[in-house]
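Dear colleague,

Please read them beside the coordinates.

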Amino acid sequence: MNEPDPAAPARPVIVLIGAPGAGKTRLGKRIAKLLDVPFIDTDKRIVAEHGSIAALFADHGEPHFRAIEREHVAAALREGAVVALGGGAVLDEDTQRDLAGHRVVQLTVTAEAVAQRITGGKRPLVDGVAAWSALVDTRRPIYDRLAHRTFDTSSLPLDHIAADIVGWIQETSE
């Protein structure tokens with residue numbers, strides 16, 4: 001493998017996109033550990049700086065949240081890390097353009113498998129499996145268009161999926 005150019009701007013090793021509850025954070029952490037690189041969850045960075053996403057939605061509305069999200073996504077895409085984007089980050093056209101230059105993996109999950117993952121009220125646009133399914137159906141064409149590869153997280157252990165993704169990264173990096 002070629003050594004990176006120290007003068008070149010940092011680039012994410014991989015960007016994870018997909019539906020809420022698909023496992024972007026949990027899987028991203030595993031991938032980063034396997035590759036010995038940092039992990040960035042843009043939603044976690046937003047929460048650390050601005051408070052809960054649900055509160056941002058409730059207090060300021062979705063457009064305000066999306067503007068904050070865009071700033072955090074743009075910053076994360078300049079770092080050499082495994083980057084997990086929030087489920088709706090891909091709705092921004094600037095983000096879509098930015099992702100064109102990166103290795104993007106879509107994580108999918110079935111409605112049956114996501115049911116237990118989306119409880120707890122931390123996801124402002126997802127109130128149950130029916131709302132989740134409707135949301136995913138509207139975003140799926142964007143996810144599909146942006147992704148270079150898709151991995152389903154419904155049933156396989158995350159460690160196996162992480163190893164498969166790392167193998168794909170290594171194959172495509174040579």
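Helices here are DSSP runs of H or I with at least four residues, and strands are runs of E with at least two, numbered from the N terminus. This is a predicted model, in which local features need pLDDT of at least 70 and side-chain atom pairs count only at pLDDT 80 or more, while totals for chains, interfaces and linings use all residues. Residues are numbered from 1 along each chain as its sequence is written, and side-chain values use heavy atoms, with hydrogens and water left out.

Just after α3, G61 takes a positive phi of about 90 degrees. Within α3 itself (residues 53-60), I53, L56 and F57 are buried, where buried means under 20% relative accessible area and exposed over 50%, with partly exposed in between (1.4 Å probe, protein chains only). These residues lie on the same side of α3 because they cover an arc of only 95 degrees around the axis, the arc being that of the directions from the helix axis to the C-beta atoms. The face turned away from the buried side of α3 carries the exposed residues A58 and D59. Among what covers the buried residues of α3 are α2 (42-50) and α4 (62-76), contact being heavy atoms within 4.5 Å.

As for the cores, each is a set of buried Ala, Val, Leu, Ile, Met, Phe, Trp, Tyr and Cys residues joined through side-chain atoms within 4.5 Å. The largest has 23 residues, of which I14, L27, I31, V105, L107 and I165 touch the most other members; its largest share, seven residues, comes from α8. A second, separate core of 16 residues includes L77, L85, V104 and I142.

With best regards
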